[in-house]
Structure formats: C-alpha cells, structure tokens
Amino acid sequence: TWKHVMFEPMEFYEKLPAKIRYKEPTVFFLKIQAIVLGILYLILAMIGLFVVAIVGAAGGSDAGSIGILGFGIAAVIAIVAFPLILLLNWGGLHLGSAILHLFAMMFGARQHYVETYKAVAYSNAPSVFGFIPLVNYAAYFYAIALQVMGLHKRQNISIGRAVGAVLIPYAVFGFIYMLFLFSFLALGGFA
C-alpha cells in the first residue's frame, strides 16, 4: 500500500474501494506513525547512550551509574508513552480530517467524512522520510500534495478546489500561529 500511495497516488485514490471505511486507513496511518516514532526513539536512544558514555567517562563510576539509571527511566517512560502517543496521533488524524472536511465541503465536496479521512490517513505515507535533512521538507510538501490528490479523487472535486480546501486551513492556522508568536515576543517572550 505504501509504495502505491507514494508512487501512483492518483490511481491509488481512484481505485480505493468505497467499501473500505475506517479500519484500513487507520491501520496504515498507525503503522506509519509507529515507524516514525520508532525511528525517533532510536535516534534519542543513540543520543542518550552517547551522553551517558561521555558523563561516565568524565565523572567516574558514580556519574556513569546515575546516567545509566536516568537512561533506564527514560526508556521505561518512552515504552509506556508509545501507545499514548499513537492514540494522540490517531485523535489528531480525526481532528485534522474533520477540519479539512469542513473546508472541502465549502469547496463543493459532497461525499461523506470517511472519504476525507482516507485522503488524510494515506497522505501520511511520506512521514517516514521526516528524519532526513532537506528531504523532510520535500516529504512535507508531498504529503500536502497527496491530500490534494486524495480530496480530488475521493470527494470528486476539481484539483483547484482541492488545492483551496487543503491550503486555506494551513494559511488560517499559520496566520493564527504567527499572531500568537508575535504577541508572545511583543510581550517579552521568555524574559
């Protein structure tokens, strides 16, 4: 499925059966998120082990023991947090799909919410490249393009309408984010 989404997205979205509801896209999304989270954990573990080795070498056996204990506690927290993070990502998928669906309806979409949900869930396929510098930017923009293609095919709206439905929420939330950021900085930031 991942390969089909990444390399033949228009065909994938067009041939995606209407009988597919929430299970398959949710499983796909959670698998992608689990891979991304696993890569993140691996990177953090390597950094953590490096720090523990440096602290142990610089501070003697007591510092090394404390570092190993801290690393162990962090590992337990990470393992416990893994399913919680996946659950929160799944909730974010629904929230993002609902917001996108509202905008898609403003641009003429008439299909049910589940079709927008499919478009958003499968558009996360490029996330696996999020850890590669510079490639991560291309992956982010390709995910947006996949949302556009998914809306176009699953909601039966033109590409132009799909672009508007996808980009306007990004612009609105980006504007709100900038307002908060500039307000925060104007009020003194962290000072």
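Predicted model: local features only at pLDDT ≥ 70, side-chain atom pairs only at ≥ 80, totals over all residues.
Residues are numbered from 1 along each chain as its sequence is written, and side-chain values use heavy atoms, with hydrogens and water left out. From that one spot, here is a tour of the rest.

**The overall picture**

- The chain has six helices and zero strands, where helices (H or I, at least four residues) and strands (E, at least two) are DSSP runs numbered from the N terminus.
- With a radius of gyration of 21 Å, well over the 16 Å that the globule rule gives for 191 residues, the chain is more spread out than a compact globule. That radius is taken over C-alpha atoms, and the globule rule is 2.2 Å times the number of residues to the power 0.38.
- Along its principal axes, the C-alpha trace spans about 65 × 45 × 30 Å.
- Of the chain's 191 residues, 31% count as buried. Buried means under 20% relative accessible area, exposed means over 50%, and partly exposed is in between (1.4 Å probe, protein chains only).
- Take the contacts between residues at least 6 apart in sequence: 72% of them join residues at least 24 apart. A contact here means heavy atoms within 4.5 Å.

**Around Ser127 and Gln33**

- Ser127 belongs to the loop between α4 and α5, and at 24% relative accessibility it counts as partly exposed.
- Leaving out residues up to four places away in sequence, Ser127 touches Ile32, Gln33 and Val36.
- Gln33 is part of helix α3, which covers residues 23-106. At 12% relative accessibility, Gln33 counts as buried.
- Ser127 and Ala45 are 82 residues apart along the chain, and their C-alpha atoms are separated by 20 Å.

**Helix α4**

- Nine of the 10 residues of helix α4 (residues 113-122) are buried, so this helix is largely enclosed by the rest of the structure.
- Among those buried residues are Val114, Glu115, Tyr117 and Lys118.
- Lys118 has 0% relative accessibility and counts as buried. Not counting residues up to four places away in sequence, Lys118 touches Tyr13, Leu16, Pro17, Ala18, Ile20, Arg21, Pro25 and Arg154.

**Two more residues to look up**

- Met149 lies in helix α5 and is buried, with a relative accessible area of 15%.
- Setting aside neighbours within four places in sequence, Met149 is in contact with Pro9, Met10, Tyr13 and Tyr142.
- Met149 and Glu11 are 138 residues apart along the chain, with 9.8 Å between their C-alpha atoms.
- Leu69 is in helix α3 and counts as exposed, at 55% relative accessibility.

**The pockets**

- A pocket is an open set of points on a 1 Å grid over the protein atoms alone, where a 1.4 Å probe fits and there is protein on both sides within 12 Å along at least five of seven lines; lining residues have an atom within 4 Å of a point.
- The largest pocket holds about 570 Å³ of space; a volume is the space filled by probe spheres set on the points, with grid points joined across faces, edges and corners.
- Its lining has 25 residues, and Gly92, Gly96, Val120, Gln147 and Tyr170 lie nearest the centre.
- Helix α3 gives the largest share of that lining, nine residues.
- By class, the lining of the largest pocket has 15 nonpolar, 10 polar and no charged residues. Ala, Val, Leu, Ile, Met, Phe, Trp, Tyr, Cys and Pro count as nonpolar, Asp, Glu, Lys and Arg as charged, and the others, Gly among them, as polar.
- The second largest pocket has a volume of about 200 Å³, and its lining includes Tyr41, Leu44, Gly48 and Phe71.
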